[in-house]
Amino acid sequence: MLDWLTGTAFTVAGTPTSRAELLGFATGVLNVWLLARQKMWNWPIGIANVLLLMVLFWTAGLYADAGLQIVYVGLGLYGWWAWLFGGERRSRLVVARTGRREWMVLVAAGAALTLLLWLLLDRATDSTVPFPDAVTTALSLMATYGQCRKRVESWWIWITADLVYIPLYAYKGLYLTGGLYIVFLGLCVFGLRNWRADLRRLSAAARPVAPGPAPATP
């Protein structure tokens, strides 16, 4: 099975494209489209997607990204549970904003993870792109956590990560995956707009209705 996945499906600009990359493209687009529309099916499809990408990234020498996919499986299972039972009184989760304390923890964790992975990849592997690989890994984990908790700002983190991923994958010769992340970028904008609209709707529904004038007495 592994040999079949790493085999060539077709060639782009003289560079072979594996079946893992092709299937990763298809499941990735479907996953993000479902996520933008808050459909629960995004989680099992997303788990299948990251398993395919794990194979792809390891063979391309993107070791941090390959290891990240293992974490994504765990986050996918957590996100699936959280969307079903993570709201008030174990209800379905709704879109919300990221709190100030949550932002502080996310930024600190992201910076520490970037530094740790950068040093690890630079000193312990043959990676030719240790810093971009590290920073995209950290941003991706921050964004995925936010989407597990339905934080609307997670889309901005994904947009930032995608703007680094696109030239990174092109540099590594993963042209189809680079194209996939261009599609992801558009889907992230779509998801951001959808989640912000849902947040406005929820805020309007929670706003107390002002009492009308008392009826006149005869």
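Let me start with one residue. Arginine 97 is exposed, at a relative accessible area of 52%. For these terms, buried means under 20% relative accessible area, exposed over 50%, and partly exposed in between, with a 1.4 Å probe and protein chains only.

Before going on, the conditions. This is a predicted model, where local features need pLDDT of at least 70 and side-chain atom pairs count only at pLDDT 80 or more, while totals for chains, interfaces and linings use all residues. Residues are numbered from 1 along each chain as its sequence is written, and side-chain values use heavy atoms, leaving out hydrogens and water.

The structure has 3 salt bridges, each a side-chain nitrogen of Lys or Arg within 4 Å of a carboxyl oxygen of Asp or Glu.

Arginine 97 pairs with glutamate 153 at 3.3 Å, N to O. The arginine sits in the loop between helix 4 (63-85) and helix 5 (100-124), and glutamate 153 in the loop between helix 6 (130-148) and helix 7 (154-171), so this contact ties together parts 56 residues apart in sequence. Helices here are DSSP runs of H or I, at least four residues, numbered from the N terminus. Glutamate 153 counts as buried, at 12% relative accessibility.

Next, glutamate 102 and arginine 151 meet at 3.0 Å, N to O. Glutamate 102 is in helix 5 and arginine 151 in the loop between helix 6 and helix 7, 49 residues apart. Both residues are buried.

Finally, arginine 201 bridges to aspartate 198, with the closest N and O atoms 2.6 Å apart. Both lie in helix 8 (residues 175-206), 3 residues apart, about one turn of the helix. Aspartate 198 is buried, at 14% relative accessibility.

Methods: Helix = DSSP H or I, 4+ residues; strand = E, 2+ residues; numbered from the N terminus.
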